[in-house]
Amino acid sequence: MNYSKYLITASVLLLLVGCGENSDNKSQPVASTAHIEGVVTDRDEPVTQGKILAKDAAGQTVATTDVSKDSKFAITIPASAHYPVVLEVTTGESVLEAVVLDPMPAQLDISTMSSLVVQSARDIGGISKTNMAQAAINAIRQNKKASGKSTSAGFKGDPTKQYGGWH
C-alpha cells in the first residue's frame, strides 16, 4: 500500500514539474510548429518587397519567406526552433524586427513600433516575455507623452497582437 502511495506522489510531482513555466532566460524547442501571418510597414508605409528571416534564440535562421506586393507575409517556424524567435526584414534603409515568444498561431505585424519594442527589450536585459511586456508598456507610455494625450486611442485592436507579439 505504501509503495503505491509513493508512486502516485512521485507521478504527481513529475507532472507538476513538467507543467511548470520555463524561465524567461531559458530557450527550449517546442513540439509544435508556429504559423505566423502579418503585415510589414516601415514608418506607417507598406513594405512591398523583402525577405523575412526567422532567427531562433541561438541566432540560427530557421525559416524564411518573402513579403508580398500587398505587404503581407506568412511564415511557419519549425518545431525544432528555440524560442524566442526574431522575425527580421531588411528594407531599403532599415532593419525591422518582431518577436515570436511561443508557437501559438498568431497575427504578428512587423513595423517600426515592433522594432522599437524589440530594441527596448534588448536594452532592458534581453528578449524575454517579461522584458517584451515592459518594453511594450514603455512604448505606449512614450507615445502618450509624445502626443500629449492620456489615452491609447491610437493603438487599434488587441495590444497582445502588436508590438512584436509579446502575448
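At the start of helix α2 (residues 112–124), a side-chain oxygen of Ser 111 comes to within 3.3 Å of the backbone nitrogen of Met 113. This is a polar contact, a pair of N or O atoms within 3.5 Å with one able to donate a hydrogen and the other to accept it. The model is predicted: local features need pLDDT of at least 70, side-chain atom pairs count only at pLDDT 80 or more, and totals for chains, interfaces and linings use all residues. Residues are numbered from 1 along each chain, and side-chain values use heavy atoms, without hydrogens and water.

Helices (H or I, at least four residues) and strands (E, at least two) are DSSP runs, numbered from the N terminus. The 13 residues of α2 should span 18 Å, and its end C-alpha atoms are 18 Å apart, which agrees. The expected span is 1.5 Å times one less than the number of residues. Just after α2, Gly 125 takes a positive phi of about 155°.

An open sheet of 3 strands runs in the order β6-β1-β9, with mixed pairing. Strands pair if DSSP finds at least two bridges between them. The edge strands are β6 (72–77) and β9 (106–107). Strand β1 (34–39) pairs with β6 in the antiparallel sense over 6 bridges. Ala 34 stands opposite Ile 77 in β6.

The largest nonpolar core has 22 residues. Such a core joins buried Ala, Val, Leu, Ile, Met, Phe, Trp, Tyr and Cys residues through side-chain atoms within 4.5 Å. Ile 36, Ile 77 and Ile 110 are among those with the most contacts inside it. Another core, of 11 residues, lies apart from it and includes Leu 101 and Val 118.

Conventions
Buried < 20%, exposed > 50% of the residue type's maximum accessible area, 1.4 Å probe, protein only.
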